[in-house]
Amino acid sequence: EFFSNLVGLRDAVKHKISFVFTSFRPLPDLVPEVFKKSLLSTFSRDMYLAPAEKTDMRIIMITLEEQYNVPLTPETRDALIDLSGGYVQYLQIALIRLHEEKSIPSKASDLFTLLSRDEQIIFQSEELFESLTKSEKELLLQIKQLNTLGTEDRQRGTYLWNTGMVR
């Protein structure tokens, strides 16, 4: 029913609409008073969309590169794919930003600096971070700060691993 509504919206505006889904939680996490984990079907399971593989990102890159008319070197393409981490939304925002630039940085470090200051990328990152639970935020900050994990951290950050935020 939900999918049909999305298709109806898209058709109503003649395909001039984009849907961005930035986070997902299992139903018991979203509305625990309505959906009890023990009451859900034993045949249901949570499914997570992992980030795209590099081969898929290359195909998407070709389409977006043509769409935004951004001439890229092979090195810049590889750097963008690495920086986007398999997230198409980041790749698209990065190409839009590069389309607006007069000169495209050739070094990966310069490209990272440019993109990490982009307002749209910052906003997307904040939105993703804010969708996390307090425990997940703490774990993500711990990973960033210490660059190490304990065995219990993997279980505590199941959502982070299942969605590809942490690899």
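Visitor: What do helix 3 and helix 5 use to meet each other?

Guide: In this predicted model, helix 3 brings Met-57, Ile-60, Met-61, Leu-64, Glu-65 and Tyr-68. From helix 5 come Val-88, Leu-91, Gln-92, Leu-95, Ile-96 and His-99. Sorted by class, that contact has nine nonpolar, two polar and one charged residues.

Visitor: At what angle do helix 3 and helix 5 pack?

Guide: Helix 3, residues 54–68, packs against helix 5 at an angle of about 30°, and their axes are 10 Å apart. Angles under 35 degrees count as roughly parallel, so helix 3 is called roughly parallel to helix 5. As for handedness, their crossing is right-handed.

Visitor: Why is Ser-84 said to be buried?

Guide: Ser-84 sits in helix 4. Buried means under 20% relative accessible area, and Ser-84 has 5%, so it counts as buried. Setting aside neighbours within four places in sequence, Ser-84 is in contact with Met-57, Tyr-90 and Leu-91.

Visitor: What lies 3.0 Å from a polar atom of the Ser-84 side chain?

Guide: That's the backbone oxygen of Ile-81. The cut-off for a polar contact is within 3.5 Å, and this pair lies at 3.0 Å.

Visitor: And Arg-77, why is that one called partly exposed?

Guide: Arg-77 has a relative accessible area of 26%. Buried would be under 20% and exposed over 50%, so Arg-77 is partly exposed. You'll find Arg-77 in helix 4, residues 74–84.

Visitor: Which residues does Arg-77 touch?

Guide: Not counting residues up to four places away in sequence, Arg-77 touches Met-61, Glu-65 and Leu-72. A polar atom of the Arg-77 side chain lies 3.0 Å from the backbone oxygen of Leu-72.

Visitor: How far apart are Arg-77 and Arg-58?

Guide: They are 19 residues apart in sequence and 8.1 Å apart in space, C-alpha to C-alpha.

Conventions
Residues numbered from 1 in each chain as written. Predicted model: local features only at pLDDT ≥ 70, side-chain atom pairs only at ≥ 80, totals over all residues. Heavy atoms only, no water. Helix = DSSP H or I, 4+ residues; strand = E, 2+ residues; numbered from the N terminus. Buried < 20%, exposed > 50% of the residue type's maximum accessible area, 1.4 Å probe, protein only. Contact = heavy atoms within 4.5 Å. Polar contact = N/O pair within 3.5 Å; in protein donor to acceptor, adjacent residues only side chain to side chain. Axes fitted to C-alpha atoms, helices over the stretch in contact; angles between N-to-C directions. Parallel < 35°, antiparallel > 145°, perpendicular 65-115°, else oblique. Left-handed = near helix turned anticlockwise from the far one by under 90°. Nonpolar A, V, L, I, M, F, W, Y, C, P; charged D, E, K, R; others polar.
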